[in-house]
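User: Please go through this model one point at a time. State each cut-off once, and end each reply on the value or name I ask for.

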Amino acid sequence: MKHLETHVAQATARGEIAYQHCPACGHTQAQARPFCLACLRPDPDWRLARGTGTVVAHTMQYRAPTDDWRSRVPYGVTLVDLDEGPRVMALAEGALNPGTRAILCPGGRHALPCFKPVEDG
Ligand SMILES: [Zn+2]
């Protein structure tokens, strides 16, 4: 499992979102697994998301979970359904109400992906 988590973390550090795609059934999943959660086929393929999706939920965080996050408080956390299918948790820039079309922040290099409203250009 460690090498799967590393694959996701390395993509996030590059400002990209990696997800898994099952060539047998087409299922997509954001959580790295050694098998497809839908049909249990081993070794799903890796793909990179286009970086667009729809906001499902959004909340503001006013307490830092660790000292590393203290300087970011308050910050938004959002759930985004990627256009490719997987649901990812991300940081938020701007108002990301449910239903808002969102795009990956350019040059975002955080521990989590960062999304902003598409309307921001
Ligand atoms: Zn499958």
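Analyst: Helices here are DSSP runs of H or I with at least four residues, strands are runs of E with at least two, and both are numbered from the N terminus. The model is predicted, so local features need pLDDT of at least 70 and side-chain atom pairs pLDDT 80 or more, while totals for chains, interfaces and linings use all residues. Numbering starts from 1 along each chain as its sequence is written, and side-chain values use heavy atoms, without hydrogens and water.

User: Where is Asp 43?

Analyst: Asp 43 has a phi near 55°, which is positive although the residue is not glycine. Because its relative accessibility is 58%, Asp 43 counts as exposed (over 50%; under 20% is buried, and partly exposed is in between, with a 1.4 Å probe and protein chains only). Its place is in the loop between strand 2 and strand 3.

User: What is phi of Leu 40?

Analyst: Leu 40 is in the loop between strand 2 and strand 3, and it is exposed because its relative accessible area is 59%. Most residues other than glycine have a negative phi. Leu 40 has a positive phi, near 70°.

User: Is Leu 37 exposed, partly exposed or buried?

Analyst: Leu 37 is in the loop between strand 2 (28-29) and strand 3 (45-48). Its relative accessibility is 45%, so Leu 37 counts as partly exposed.

User: Which peptide bond is cis, and what is its omega?

Analyst: Most peptide bonds are trans. Pro 74, in the loop between strand 4 and strand 5, is joined to Val 73 by a cis bond. For Val 73 and Pro 74, omega is about -5°.

User: How many salt bridges does the whole structure have?

Analyst: Side chains of opposite charge can pair when their charged atoms come close. A salt bridge needs a side-chain nitrogen of Lys or Arg within 4 Å of a carboxyl oxygen of Asp or Glu. A search of the whole structure gives a count of six.

User: How many residues apart in sequence are the parts that Asp 83 and Arg 50 tie together?

Analyst: Asp 83 is partly exposed because its relative accessible area is 34%, and Arg 50 is exposed because its relative accessibility is 62%. The two form a salt bridge in which the closest N and O atoms are 4.0 Å apart. Asp 83 is in the loop between strand 5 (75-82) and strand 6, and Arg 50 in the loop between strand 3 and strand 4 (52-61), so the distance along the sequence between the parts they tie together is 33 residues.

User: What is the N to O distance between Glu 16 and Arg 14?

Analyst: Glu 16 is partly exposed because its relative accessibility is 27%. Arg 14 is also in that class, at 46% relative accessibility. Their side chains meet in a salt bridge with an N to O distance of 2.9 Å.

User: Which residues do salt bridges that share partners join into one network?

Analyst: Arg 87 and Asp 81 meet through their side chains in a salt bridge, 2.6 Å from N to O. Arg 87 counts as partly exposed at 47%, as does Asp 81 at 25%. The network formed through shared partners consists of Arg 50, Asp 83, Glu 84 and Arg 101.

User: What separation do the C-alpha atoms of Thr 52 and Cys 105 have?

Analyst: Thr 52 has its place in strand 4 and is buried, because its relative accessible area is 18%. Cys 105 is 53 residues from Thr 52 along the chain. Their C-alpha atoms are separated by 9.9 Å.
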